[in-house]
Amino acid sequence: MIFVWTFTGHDTTSGNSLNIRGWEEWEVGEDLKVVSSKGWFDAEVYALQAAGQ
């Protein structure tokens, strides 16, 4: 199962706006509960936005 997300907010240090997209890959059991989760986002884009670039 794939979960796609968007985080919109502000960096606590710089106050700059953030709009970060990412996704998670979930392994679910037969009861549809998440057994494991691996997530990804572009850390370089996050750092650039936090720096105001």
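Tryptophan 26 comes out as partly exposed, with a relative accessible area of 25%; on this scale, buried means under 20%, exposed over 50%, and partly exposed anything in between (1.4 Å probe, protein chains only). The model is a predicted one, so local features need pLDDT of at least 70 and side-chain atom pairs count only at pLDDT 80 or more, while totals for chains, interfaces and linings use all residues. Residues are numbered from 1 along each chain as its sequence is written, and side-chain values use heavy atoms, with hydrogens and water left out.

Rings of Phe, Tyr and Trp (its six-membered ring) are taken to pair if their centres lie within 6.5 Å; planes under 30 degrees apart make a stacked pair, over 60 an edge-to-face one, and the rest are tilted. That rule gives 3 aromatic pairs. In one of them, phenylalanine 3 and tryptophan 26 sit with ring centres 5.1 Å apart and planes at 15°, so the pair is stacked. Because phenylalanine 3 belongs to strand β1 (residues 2-10) and tryptophan 26 to strand β2 (residues 17-28), the pair ties together parts that are 23 residues apart in sequence. Phenylalanine 3 is also partly exposed, at a relative accessible area of 36%. Phenylalanine 41 and tyrosine 46 make an edge-to-face pair, 6.2 Å centre to centre with 70° between the planes.

Now for the strands, which are DSSP runs (E, at least two residues; helices are H or I, at least four), numbered from the N terminus. Two strands pair if DSSP finds at least two bridges between them. β1 and β2 are antiparallel and share 9 bridges, with glycine 9 partnered by leucine 18 in β2. These two strands form a hairpin with 6 residues between them, and glycine 15 in the turn has a positive phi of about 80°. β2 also runs antiparallel to strand β3 (residues 34-41), through 7 bridges; here glycine 22 stands opposite phenylalanine 41. The β2-β3 hairpin has 5 residues between its strands, and leucine 32 takes a positive phi near 65°.

Glutamine 49 is found in helix α1 (residues 43-50). Beyond its neighbours within four places in sequence, glutamine 49 is in contact (heavy atoms within 4.5 Å) with Asn16, Ser17, Leu18, Asn19 and Ile20. A polar atom of the glutamine 49 side chain lies 2.6 Å from the backbone nitrogen of asparagine 19.

Definitions and conventions. A polar contact is a pair of N or O atoms within 3.5 Å; within protein, one must be able to donate a hydrogen and the other to accept it, and residues adjacent in sequence count only if both atoms are side-chain atoms.
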